[in-house]
Amino acid sequence: MTSFEIPDSDLEGIKDQVVIITGASSGIGLATLRRVLKHGGKVFAADLNPLPSPESSSVPFCKVNVTSWKEQVELFKAAEKQYGKIDHVFANAGIAPTVSLLEDDVDEHGDLMPPNMRTMDVNLTGCLYTVKLGIHYLKKNPRGGSVVMTASVSSFTRFPATDYTVAKHAVLGLLRSLTPNLHPNLPIRINAIAPHWTQTGIVTADLTAVLGEGNYQSADVAARSALVLMADGERHGELVYSEAGRFRDLENGERGYHALAKRMVGKGQGEEVLEIEVLVRMAEMKAEMERKEGE
Ligand SMILES: NC(=O)c1ccc[n+]([C@@H]2O[C@H](COP(=O)([O-])OP(=O)(O)OC[C@H]3O[C@@H](n4cnc5c(N)ncnc54)[C@H](O)[C@@H]3O)[C@@H](O)[C@H]2O)c1
C-alpha cells in the first residue's frame, strides 16, 4: 500500500492520447473528460444522457446504454473511425444501488419476484463489456494502452448496499484476474479507481450535506486518480483509493491486499506459478476433449 500525490506534471503523459469514457456526461466521468482535454488528450464520450455544454459541441459523443453489447460495439467502432486508434478506455458508467435482497415483492400469484438486476447489469455487465471491447481494441494498437475501471470503496468494505457492493467487488475481481493475463504478456495495463464519497449525480449535494464538510471530495479528485493510471505507463494492477484528496494504491506493495492475502493463506511466490500451470493444463485438457468430440 503506497500513498502518493498527483501533481499536474504526472498527468502530462495523456497528451495526444485517445481515451474512451463511459458515463462521461456527469460526475467522475465528466471530470475525467475535462482533465484529459486540459492535459492535451482526446476523448470519445459515451453516456445515456448528452454531454453538457460546452463539451457537447466539441467532443465526439455516442449515446450508449452500456448494458447493450451492440451499442458498445458501435461506440468502439465510432471512436476508432474518429481517431484511427484508441489508447485508453475508462469503464466508468454506473448507477446507485437498486435492491438489498431483503425486499418481498410478489407477483399476481403471490410468488416471490426475482430481484431487480438493474444495478448489476449497469455496474458489472456494462463494465465487463467495456473492458472486453477495450482489450480487443488495445491489442490492435502497436503501442498498447490501458484500461481503467471505476470500482469503489465498496469493492472491499461491508457497504450495506447489496447489489452495488456485489457489483463493485466483482469489478475488483476483474482487476485481479486480468492483471496477470495482460501486461507484460500484452502491452495492456489494467487499473481501477476506488473513490470514497464523491459529489456527483449519484452522491448529490443533498447527500453530501448529510455527510458534512470534509467527508467527501470533488469529482476532480477521482478524475485525477483515473488520469494518472492512464498517463503513467508503469502503473498496472493498482486499485487507487481516493479520500478527501488523498491517494493510496491498496493492491500492491508489502502492505497491499495482494501481499496481505498471501500472508493470510500462507502462500509463497512459487504457488502463483503453480496456479498458472494448473490453468494451462486445464486449457490443454479442454482442447483435448473438444478434439476428441470432433473426431
Ligand atoms: N460518487 C461516489 O461517491 C462514487 C464512489 C465510488 C464509485 N463511484 C462510481 O463512479 C462511477 C460514476 O458515477 P458518478 O458518481 O460520477 O455518478 P453520476 O451519476 O454523476 O455519473 C454516472 C454517469 O453514468 C451514466 N450512466 C448511467 N447508466 C448508464 C448506462 N446504462 N449506460 C451509459 N451511461 C450510463 C449516467 O447518465 C451518468 O452520466 C460509477 O461507476 C459509480 O458507481 C461513485
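How many of the twelve residues of H1 are buried? Nine of the twelve are buried, so H1 is largely enclosed by the rest of the structure. Buried here means under 20% relative accessible area, exposed over 50%, and partly exposed in between, with a 1.4 Å probe and protein chains only. Helices (H or I, at least four residues) and strands (E, at least two) are DSSP runs, numbered from the N terminus. This is a predicted model, in which local features need pLDDT of at least 70 and side-chain atom pairs count only at pLDDT 80 or more, while totals for chains, interfaces and linings use all residues. Residues are numbered from 1 along each chain as its sequence is written, and side-chain values use heavy atoms, with hydrogens and water left out.

The buried residues of H1 are Gly27, Ile28, Gly29, Leu30, Ala31, Thr32, Leu33, Arg35 and Val36. They pack against strand E2 (18-22), E3, E5, E7, strand E8 (198-199) and H6, where contact means heavy atoms within 4.5 Å. From its first C-alpha to its last, H1 reaches 17 Å, close to the 16 Å expected at 1.5 Å a residue; the expected span is 1.5 Å times one less than the number of residues. Gly40, which follows H1, has a positive phi near 90°.

Thr32 is buried, with a relative accessible area of 0%. Leaving out residues up to four places away in sequence, Thr32 touches Ile21, Phe90, Ala223, Ala226 and Met230. Arg35 counts as buried because its relative accessibility is 9%.

Helix H6 (residues 219-231) is next. Twelve of its 13 residues are buried, so H6 too is largely enclosed by the rest of the structure. Among them are Ala223, Arg224, Ala226, Leu227 and Met230. The end C-alpha atoms of H6 are 18 Å apart, which agrees with the 18 Å that its 13 residues should span at 1.5 Å a residue.

A nonpolar core is a set of buried Ala, Val, Leu, Ile, Met, Phe, Trp, Tyr and Cys residues joined through side-chain atoms within 4.5 Å. The largest has 38 residues, and those with the most contacts inside it are Leu75, Phe76, Ile86, Val131, Met149, Ile190 and Leu239. Helix H3 (118-139) is one of the elements that supply at least two residues, and H3 gives the most, with seven. A second, separate core of 29 residues includes Phe4, Ile21, Ala222 and Leu227.

Open space comes last. On a 1 Å grid over the protein atoms alone, a pocket is an open set of points with protein on both sides within 12 Å along at least five of seven lines, a cavity is a set where a 1.4 Å probe fits but cannot get out, and lining residues have an atom within 4 Å of a point. The largest pocket is lined by 42 residues, of which Gly94, Ile95, Ala96, Thr200 and Ile202 lie nearest its centre. Ala91, Asn92, Ala93, Asn123, Cys127, Thr150, Lys168 and Val171 line the largest cavity. H3 and H4 are the elements that give two or more residues to that cavity lining.
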